[in-house]
Amino acid sequence: MFSAVGCSAPKKESRMSAAAVSAKEMPAQESWNVTLVVSDNGRTKTIVSARHASEYRQGEKQEIRLDGGLSVQLFNRDGDATLITAGRGIVHDNHDIEAFDNVVIRSADGTVIRTEHIWRTSHDRMIRSDKYVTISGPSRTIRGYGFESDEAMKHYRIFHASGEALSK
């Protein structure tokens, strides 16, 4: 379930005439300073915030495009959060989330992942990327192309990896 919190009223601005843009290319609605909350039986699972949101609909499909800075908090059953920040993102109608442009993921245990694009699938609550990634922790840094992880960043795989570790 999505609920919007703290949205400001849509602005009535148009840079192009309506005739020059097809209905498919125009958002059904826009909001500024938006926060979307995904909950299940009263328990918050995800909080998504952005400066600007545009909702696009095509038939039964819907997606919310977020820009101006994106923040996603993913909560596990214990209430610990993983924080994703990025330049922009998309929330799909099945609650999958994509993040683009300077993506940084911080887990509750201090693991930090940096990349340019990730997607988080809601059905298995996994985060994935096929782009260049850097995963940093207290004692190691791993780099490579592509990764997948649980939301808490406790169990991850990096593909085509290289890295460095501190030995004691």
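Trainee: What pattern does the protein follow when it is read along the sequence?

Mentor: A reading of this kind lists the elements in order from one end of the chain to the other, and in this predicted model the protein follows the pattern β-β-β-β-β-β-β-β-β-β-β-β.

Trainee: How many of the residues count as buried, and what supplies the exposed area?

Mentor: Of the 168 residues of the protein, 39% count as buried. The protein exposes about 10,200 Å², and carbon and sulfur atoms supply 49% of that area. As for contacts along the chain, among those between residues at least 6 apart in sequence, 35% join residues at least 24 apart.

Trainee: Which strands pair with E5, and in what sense?

Mentor: Strand E4, residues 61–75, pairs with E5 in the antiparallel sense over six bridges, and strand E7, residues 97–106, pairs with E5 in the antiparallel sense over three bridges. To place these pairings on particular residues, take Ala86 of E5, which stands opposite Leu70, and then Thr85, whose bridge partner in E7 is Val104. The hairpin of E4 and E5 has five residues between the strands, and Gly79 in this hairpin takes a positive phi near 90°.

Trainee: Where does Glu55 lie, and is Glu55 buried or exposed?

Mentor: Glu55 lies in strand E3, which runs over residues 43–58, and Glu55 counts as buried because its relative accessible area is 8%, under the 20% cut-off.

Trainee: Which residues does Glu55 touch beyond its sequence neighbours?

Mentor: Leaving out residues up to four places away in sequence, Glu55 touches Pro27, Ala28, Gln29, Gln62, Glu63 and Ile64. Sequence separation and distance in space can also be read side by side for Glu55 and Met26, which are 29 residues apart in sequence and 8.9 Å apart from C-alpha to C-alpha.

Trainee: Over which ring does the charged end of Arg65 sit?

Mentor: The charged end of Arg65 sits over the ring of Tyr56, 3.8 Å from the ring centre. There is also the case of Arg88, whose charged end sits over the ring of Phe100, 4.4 Å from its centre.

Trainee: How many aromatic pairs does the structure hold?

Mentor: The structure holds one aromatic pair. The rings of Tyr132 and Tyr145 have their centres 5.1 Å apart and their planes at 65°, so the pair is edge-to-face. Tyr132 lies in strand E9 (residues 126–136) and Tyr145 in strand E10 (residues 140–150), so the pair ties together parts that are 13 residues apart in sequence. Tyr132 counts as partly exposed at 38% relative accessibility, and Tyr145 is partly exposed with a relative accessible area of 49%.

Trainee: Where is Arg120 found, and what does its side chain reach?

Mentor: Arg120 is found in strand E8, residues 112–121, and at 3% relative accessibility Arg120 counts as buried. Its side chain reaches the backbone oxygen of His95 at 3.4 Å and makes a polar contact of 2.6 Å with the side chain of Glu151. Not counting residues up to four places away in sequence, the residues that Arg120 touches include Thr46, Leu74, Asp96 and Ile127.

Key
Residues numbered from 1 in each chain as written. Predicted model: local features only at pLDDT ≥ 70, side-chain atom pairs only at ≥ 80, totals over all residues. Heavy atoms only, no water. Helix = DSSP H or I, 4+ residues; strand = E, 2+ residues; numbered from the N terminus. Buried < 20%, exposed > 50% of the residue type's maximum accessible area, 1.4 Å probe, protein only. Contact = heavy atoms within 4.5 Å. Phe/Tyr/Trp six-rings, centres within 6.5 Å; stacked < 30°, edge-to-face > 60°. Lys NZ or Arg CZ within 6 Å of the ring centre and 35° of its normal. Pairing = 2+ DSSP bridges. Areas by Shrake-Rupley, 256 points an atom, 1.4 Å probe, with all protein chains shown as cover. Polar contact = N/O pair within 3.5 Å; in protein donor to acceptor, adjacent residues only side chain to side chain.
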